[in-house]
Structures are given as structure tokens and as C-alpha cells.
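Dear colleague,

I am passing on the structure below, together with some notes on what turned up in it. Please keep it open beside this email as you read.

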Amino acid sequence: MTMEIKDSGSVILTAYHSYSPSRIALMDQSYASQLSPSPGRSPLSRKVRYQETSRMISQDSLHPPSFARSVSQDSLDSNAMEDYWSEVKSIEEDCDSAQEEAIEVRSADEGELEEAWLQEAGLSTLVSGPPGDSPAEALVSTLTRTQAAMVKKRLDNYTQTMRKKNKQPARDVRDIFASGDTPSSEPVSPTPSSSTPHPHPHPPKLPFWIPARMENCVSDCQMSKERPAEEFVFTVPYSEGAACRRKDRDSKNFQRIKKDDGTLPKFVWRSTRLGFTRVGDLSPEDMKKIGYLSLIELTAFYDALGIELKRNRTVRIKVRESGLFGVPLTTLLENDQKKVPGLKVPLLFKKLLSKLEQTGLQTEGILRVPGSASRVKHLRRELEEKFYDDVFDWDQVRHNDAAGLLKMFIRDLPYPLLTMQYLPTFTAVENISPSRTQLQALHLLIMLLPEPNRDTLKALLEFLRKVVANEEKNRMSLWNVSMIVAPNLFMYRGKTAKPQEMQGAAGAAHLVRLLIKYQDLLWIVPCFMVSQVRKMNEAAMPKRHQGSEKNKKKLLRRWNAERDKSERSELSDIREGVIRVHAPLHAKVSMAIQLDSGTKAKDVMARFECDKSNGTRSSSRWQKQFLYEVGGNIGERCLDPDTYLLDLYRVNPSCDWVFKPRTT
């Protein structure tokens, strides 16, 4: 079959047929030559040619290439990606006028990649440190069989690579996994049991990530009359059930991307007896461990799906240390926190979102219709000069200008909001099917993002959800918003949208759509990881009284004597489930609570709230407070109001119970 192209004035007529790879390559070269500017062409000529080429590309991108992909664009109509390429054009024109240094992506050899992986997974001491107890070995002791196999594979690969370089590592992988292939935790079926709770007060012991009971939770993705909701499970490691999904991928059972937002699946998720744990609920130390586990789990997950886990390694560039635009997020937050302590999102970013929420949510075409380029650049200069002095006049900023400044802020970051390191891993999610598996990969990636990036992304997604909620007035559907935001998230300094990469346009927009729609799900810390963190903390606890056998016997006799003295008081409390809640900011600083099988965190909170309403503190000065578990096998965890306290008491009997405001 052949393709005929006829020039009819300014309209390009095409007849589409199946293309061979060589034919596609010739077309890509033709498109690239049309996109490249020449000295003799006027800006108007370049603009017309760009529009013509964009039409050709947008039409051609509707047809998948001859090789297999996880998603296809068969169901998209001819104008489905128009907003995407308009945004790409705007970005490239802005980059042409900017005189900023582009990010250089450097390839690394296999040894460097493995070493970087071990470092980021918190396992570097396994090969560099002496044998013995260490935080890394405590981490290894909590891994599932699939996760442990991946760690062994990485360590073995690192060992062999170092031997080839004549750099013998300090330890061998067989020294670390000396107990054989069976890890401390046995794997379970990917589908949790839905049977009724065991009637006995102490049910049979299950693997540590499986809850004793599940409770229904009302989620953002509610049951629908049109489409029944699917259950999303947080309690089982995603890598455990990934092997069966690889069969679907190998058999080319791919999904199609459709611009109709109603085709997205609806998910409902269930809370365990220990309640949900969200990203901001854990201490920074425990969140760091969540990051280690997420990288190990993501690597095992991708390996089970047969997808290569690619990560960039960048060369640091010279960046600004002050100002607003083009400043690294960490530096910008450090500067902003001097003015507003505890700030999690850059001040300018928050102000732009607030401005858009006040004036632009109901404006037709918000985000799509660009503001004046000259006005936006002028406002940028004014912001740089006046923002921190609080003399900038926000009334002069139109909603379209604010949208332009917001997108400019994101794409001018020296390093992408999704991080240069994990940007290829985000892109690889396009090669996964179905949407549930894509969400699992995105979930792990969100856990991996640095805290400033994750908090800023969350603020952006919350705003975009508000834009979509006003679709009837602003004419911006979830698909429209995703197409406009995707280029700003997936393009970075020095990167351009090449014609041969056009196939990924719909995939990138689809990923942003998933991030917006399922953001509540993605910011919940998986239950199995919280359980692993508890096991890790227990394994890392220092071993006390490691003396001789004689000293141990003396200590045991002393402990027995002390235990006999306090047995009636302390042990009876344990049997009856009595806890003491401390409220340092409350008039009644301590309160004993009798727990039963139905006592929830919100019941205890209500006791203190009732005391507040009786006039113990001025309501105008009162801060919203929450119940925390502190210490024991967790650093600190803000409890979900629906947490069953007796179940948590049995999981972490040595913790303290504190009623206080959130630390963030």
C-alpha cells in the first residue's frame, strides 16, 4: 500500500494505510526538516508550516506503530491532541527566547547504576560496611520473597560488575542472604480473603501485611450506577500479583486510550483495622524508610511485568540561588521558610493557585487560552523585584496571565517536578496495562518523590481537580486539562518534542489524567509498607544487656522480681486494654481510656473535644488536634479517625498516645 499526499492550497490531504518502519522513518525526517527553522524564512512562514506539520503529526499519531505498545490511540479523533501540541508550541517558543542552561543527561555504566540503586534503596552498607547488625540488614529482614529476590539480583550484579573492574566489594551477596531463599515473610495470594472476621478474640496469625479484618471506606471514586467500582487493595505488595499480569502484556492484551473521561475505571478502597496512613501522617524518618521500600518494590514490580526500570543520571548545572523562577524547589523552600516557617509549597506557587481559584475557575478556556506573552514576561520581572517586599499588585494579574505564570514556574524549574531521575520511570508507565496496574506503578513513584516535589505536585493536582469540577462553566474537561499540563511536566530544559516521539503524547496526557482523578488514592501510604516499617524498626532496636550468660541470669531474676511487684497493676491494664492519652496543650493533660473492640480514634478525640467545648480553652485559639501513636515500633503516626485502637494497641503495645495538633 502507498500513501498519497496532495497539496491543496494550505490544506494537506492524506490517505492513511499501514506503514512499514522504513516508511515511518522517512516521514519523521520529512517532518523534522519542516520543523527546523532556516535563516531565510519569515516568522509567519514558520508559523504556517508549524501548523501544517502539527496537523499532519496529530493525524499520524492516531495510528499505532507496527511494534506492540501497551496503549493505542485508535479511538482518538483527529483533533483529540490539538491542545497538547498547542501547548508544546508555546513551550518551545518560550524556550527559544530563554538564555538558560539546558540539563545534560549523562549515561552511566552498569556498575554506577547498581551502586546508585543500592544507595537510594538504603542498602549501600550491605556491600561497603562490615557484617553485622545495621539498618540495611534490618530492612532486608522485612522484605517479601519477591522483594528479597530483586535485592539479591541487584547485589549479585553489583558484585560481578565490581569484579570485572578489579574492585572486589567488601561482602558477597551469599554472606547477606546466608539463610537461603526463604525470607522472613512468606508471600500470599494477591487477592486478600474476604471471609468474615474470626470470632476468636485472637485470630490466627497472618503474614504481617495482611489485616485481620477489612472495613468499608467511602472514597473519592464512589460506586456508580453506570459502572460498578473495582476494589483497589493496599494490603498486598503489588509485585506479588504482577507475574500474572505480565501474561496479559505478553499476549498484547493492551488497552486503548480514549478521551472520554467516563471510560476510566472507578475504584473503591477499604481501610484496615489500623486505619489509613497518608503521606503527612508519618515522621520524616519513617517516610525515608518508605522511600527505600518503594524503590525495592517498584524495581521488583517492573521486573515481574517485564519492563526495564530506566533512570536518568544528570550532571548538575549552575542554578540560581535566589529569586522565584528557575530556582530549585529545595532552595526556594529554604528561602520561603525564613518568612513562613514550616512551609511545604513555594509561596509564589501557592499565591498563583490562590489567584486562579479566586478569579479563573469558572472562566472558559482557563489554562488553555494563553495570556499575552509580553504581559507575562513583564509580570515575571515585577514579581522577581517586588514579591518578597509584599508590594506586588496582584490586582493587575488577569487569570490568563496567572495561568501562564503558573505553567512557566513549573517548566522553568532547573530540574523537572517529577525529577530528572524518575522521569523515564514515569514515562514507562505508558507501557503498562490495565489502569489498575498503571495506578500501582504511579503509587510507588509518588512515594519515591522527594518531599518538596511531592508536596508541590499535590498542590497542583488539587487545583486541577477544582478546574475539572467547574467543567460546565470553563469548558475544561479532565482530558483537556491533562493535555495542557502534560507537556509542562514531561518536558524539561533542552528537551524538545521530536516527531518520532509523537506516539507518546496521548500516553503522557493519560498519565496526568490518572494523577488528577486518583490523587486521593495515590497519597495513601500502602498498608504493607507501614507494616514493613514496623518490622524494620523492631529489627533495628538495639539489643539490650548483651553480657555474659551469668549477667543475663542475674538480670532475668531481677526482671522477674520487678514484674511480680507490678503484675497486679500493669498486667491487669494490658488484659483490660487501658491506655493513657497525653494532651500537653489541653487543660486535662492526661486521661485514662478503657478500650474495647469497637473503640476508634475519633471516639477518644471526641472526649477531648467535649472537654474543650466546656470552656477549658478559648475556641478562637484552639487548634484542631489529632491522636498520635508515638514510639514503640513506629516513629510517629497521626491516626486515622477510624482506627480501631485495641487492634493498634496489640500491634504496638509500647507506644505512647498523644493528643496534639499536626506538626505540619
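Tyr302 touches Ile307, Glu308, Leu309, Thr425, Ala428, Val429, Ile432, Ala441 and Leu445, leaving aside residues up to four places away in sequence, where contact means heavy atoms within 4.5 Å. This is a predicted model, in which local features need pLDDT of at least 70 and side-chain atom pairs count only at pLDDT 80 or more, while totals for chains, interfaces and linings use all residues. Residues are numbered from 1 along each chain as its sequence is written, and side-chain values use heavy atoms, with hydrogens and water left out.

Tyr302 is also, with Leu123 and Phe490, among the residues with the most contacts inside the largest nonpolar core, which has 136 residues. Such a core is a set of buried Ala, Val, Leu, Ile, Met, Phe, Trp, Tyr and Cys residues joined through side-chain atoms within 4.5 Å, and buried means under 20% relative accessible area, exposed over 50% and partly exposed in between, with a 1.4 Å probe and protein chains only. Helix 10 (residues 284-305) gives this core its largest share, 11 residues; helices here are DSSP runs of H or I with at least four residues, numbered from the N terminus.

His443, which lies in helix 16 (residues 435-448), is buried, with a relative accessible area of 0%. Its neighbours by contact include Phe232, Phe234, Tyr238 and Ile524, and the backbone oxygen of Ile524 lies 2.5 Å from a polar atom of the His443 side chain.

Best wishes

Key
Helices (H or I, at least four residues) and strands (E, at least two) are DSSP runs, numbered from the N terminus. A polar contact is a pair of N or O atoms within 3.5 Å; within protein, one must be able to donate a hydrogen and the other to accept it, and residues adjacent in sequence count only if both atoms are side-chain atoms.
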